[in-house]
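Here are a few friendly notes to read alongside the model. Take them one at a time, with the structure open beside you.

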Amino acid sequence: MMFLARRLLIVLCVLTIGLQTPAFAGPPQIVGADDLNIYGTKVRFARDCRVPGNAVVWVAPPAQAGEDWSAATGVSVPVALKAGERLNGYFWARAEQPLKVTVTIHGAAPDYKNLAIGTVELTTEWQRFAIDGVAGADLPAGSQFLSIGLGRVQRNVVLGPVMFTTDQLDNLRITRAFAAFQPRSVTEDVQIASVPGVTLAGRLRVPATHGGGPFPAVLLLSGSGPSQRGGFNLLEERLLRDGIAVLTYDKRGIGQSTGQFVDTLENMETDAAAAVLFLRSRPDIDGARIAIAGHSQGGAVGPAVAARDPAIAAVVMFAGPAAPPEPPGPGHEINFVILRDILIKGGAAPAAVARVTATAETLFEAEIREASSKEIGPLREKVIQALMACHFSSEQAEAALTTLRSVVLEAFNAHFDRTLAKLRMPVLALYGSRDEIVPSADHMPAAKKALASNPDAQVIEIADMNHSFHNVRNASAQEQANPGPVAAPEVITLAGDWLNAHLHAAGHR
């Protein structure tokens, strides 16, 4: 995407801005580094006390240099403009080595019409830069974007907050506006040491509007499959508003985490326990107020970690399996629950899912009756090919098959109802009435039975929710915009209220 110059732009360090000081038409709008939209390259969030809000984002050079807009950072302009009105944008930036970048204020696709365009030279020192342009027509808030082209850069660029106003402010007022800026959260990419050879790439988000901490925290665990940090966007935002920090991480061997991806419960429990220890090592986290909330597989891992760590303050299970398995044999259903979950998340067609399940069951039958390697070899290859037909790479298919065959997963349900019975901290177990992967009719009774002796345990079914906790009858705009798990507003409210009450109450025990 190329931007063509349409209007004159002056871009300069705001330290040299003029001294006109008309009255404010409204407070400046500031967007923190956490909310910058960056595409085409990798990013790393960090703290830096030299910029307002103390939060920055490091943007790496793209893997392959292209034109300016093959990689870029952008932010929606939250200010409505009238025809003839001037928009002033101010942003903080620096680079690992001096370099020039293109900056624009522009409209949306398909023409990306420029309101302003220019070039700035970044240095190794933090600077405030300015860009301004005049609206040629009435423009609603959110219709324009400030973008910085990064497709040609060959060194790291570091970005801070961005401010927009229709006032012509002098340097003192700009300085005061930025000094008063307080982001809702500060995001930091962190490294979590697990077993030797495994370092988890995590993302810790700490609230910034609830004092200096230490804060309660929730470790968020995703379901089965090769998941990366994040994904619980709406739940994270709710918790941060309540003054609760959140931690997510790339599973081992996925994203920027090291190690080999084999999605067994043993591996996932080990890594989750390491994440809890990491949180307790942080001075900004209250180690006595750490909860674990997990979805699907994560809803099994969280209670298993808490059963061995009674200092965990609370546990939330979103569709966490709890029912005992069918009689042992080649059809042990939990293997196929996990398998179907992985395939459906990957977008596999129903016929392809059925083919994988059938081939895997045939293989397991042969292994149980201890068939010869001559017979098992071709059966195993059929499973691998069926998985690859569902868009798995050969490596992912091998890892998925290893997972399915693991002793830990074969005992998944049988071990889990016993795990729940050990929990003495508060527990919230949520199930969807329309969940076809972990059906509430099977798993809610088992969860209630296992948690019967826990006076602060609740098991709740939520109407019309599927396995991902999206409403199958009336999906909200929030759910549609956030395709990850746990997006329905009623689920966010229920879990958020519960965690807020229990974690803040834990600080007064």
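1. Let's begin with Phe318: apart from neighbours within four places in sequence, its contacts (heavy atoms within 4.5 Å) include Leu235, His295, Leu430, Phe469 and Val491. Keep in mind that this is a predicted model, where local features need pLDDT of at least 70, side-chain atom pairs count only at pLDDT 80 or more, and totals for chains, interfaces and linings use all residues. Residues are numbered from 1 along each chain as its sequence is written, and side-chain values use heavy atoms, leaving out hydrogens and water.

2. How are the rings of Phe318 and Phe469 placed? Their centres are 5.7 Å apart and their planes at 75°, so this pair is edge-to-face (rings of Phe, Tyr and Trp, the last by its six-membered ring, pair if their centres lie within 6.5 Å; planes under 30 degrees apart are stacked, over 60 edge-to-face, the rest tilted). Phe318 and Phe469 sit 151 residues apart in the chain, and both are buried (under 20% relative accessible area; exposed is over 50%, partly exposed in between, with a 1.4 Å probe and protein chains only).

3. Now for charges: Arg184 forms a salt bridge with Asp35, with the closest N and O atoms 2.8 Å apart (a side-chain nitrogen of Lys or Arg within 4 Å of a carboxyl oxygen of Asp or Glu). Arg184 is partly exposed, at 34% relative accessibility, and Asp35 is partly exposed too, at 37%.

4. Compare Arg289 and Asp286: this salt bridge has its closest N and O atoms 2.7 Å apart, and both residues are buried. Through shared partners, salt bridges also join Asp35, Arg184, Arg205, Glu236 and Glu237 into one network.

Technical notes
Helix = DSSP H or I, 4+ residues; strand = E, 2+ residues; numbered from the N terminus.
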